[in-house]
Amino acid sequence: MELLPKDSLEQIRNARSLVFLTGAGISHESGIPTFRGEGGLWKNFKAEDLATPKAFQNNPELVWEWYDFRREICKNANPNPGHLTIAKWQKKSNFVSLITQNVDGLHPRSGSPSLLELHGNIFRARCTKCSEKFHLVDDGLDHSGLKYCKYCESLLRPDIVWFGEEYDQNLLTKSWELCKQSQVVFVIGTSANVSVPANLALTAIRNGALGIEINPEETNLTLSMKHHFGGKSGEVLPKIWNELFPNESLE
Ligand code: OAD
């Protein structure tokens, strides 16, 4: 059975600007826990103790322990067919953009040629004093516990947007522009509980984009979407690809 009706397939094929907006759910099939819902990290851990500037000020060891633990999970995970389908689509067409809330590094590892990481990246740290950024693996800082700047020796922090912090203005402006201009928006694996990414999706819809949500659950955004697929993105996205491009194998 076809997933998408003919008119939507045509609309997607003809789109001159298509945005993928992803959240933790797209990496769930790779073995990375989501934040909310069943087995979600925020069920067992308190965000205010681990993911705020105050938490880091009070107990940097604990915050680094949490990010070191999660970085290990990400290191051992591999991109799944959801990530790989998006990467293939981006390579096929210059019209396809990717905005993610994920910090797990799986989109870049799947070969996505361009990516806006709204919430940072768990493999990066930045200096609390001079703001210099480091790649924890490439720069030889991939150990547990506190880490220090190679230039000014001050404490490093995870390069993550914590609760209560501002987004990178440059990234945000680019994301708004992409969403405003998009003719199709795929919203994948996000509970839409964080207002900035949820509003990016709504901006696309209000500016006329065809909205497609892939999420086993319904969200606050579901009613605004033209299509909701209640399945796993690693299964639904390859099916959509095969409907759109039947002569182009994903392999
Ligand atoms: P959430 O954990 O809030 O939501 C994950 C969503 O993925 C849920 O709606 C699930 O139903 C859905 N999901 C689970 N498995 C899926 C699958 N196989 N395919 C598709 N969807 C699936 O994650 P986010 O919305 O990304 O911030 O959370 C947003 C932000 O809140 C995160 O970036 C994080 C967190 O606090 C920071 O770390 C800064």
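The legends below describe close-up views of a predicted model and its ligand. Local features need pLDDT of at least 70, side-chain atom pairs count only at pLDDT 80 or more, and totals for chains, interfaces and linings use all residues. Residues are numbered from 1 along each chain as its sequence is written, and side-chain values use heavy atoms, with hydrogens and water left out.

**View A. Domains 1 and 2 of the protein chain.** An automatic or database domain assignment gives domain 1 (1-31 + 79-119 + 167-251) and domain 2 (33-76 + 122-160). Their C-alpha centres lie 27 Å apart. Contact (heavy atoms within 4.5 Å) takes 12 residues from domain 1 and 13 residues from domain 2.

**View B. The shell around the ligand.** The shell holds 23 residues, where near means a heavy atom within 4 Å. Phe35, Arg36, Thr190, Ser191 and Asn215 come nearest. By class, 8 residues are nonpolar, 11 polar (Gly is counted here) and 4 charged (Asp, Glu, Lys and Arg). Because both domain 1 and domain 2 give residues to this shell, the ligand lies between them.

View C. The protein covers 94% of the 800 Å² of accessible area that the ligand has on its own (Shrake-Rupley method, 1.4 Å probe).
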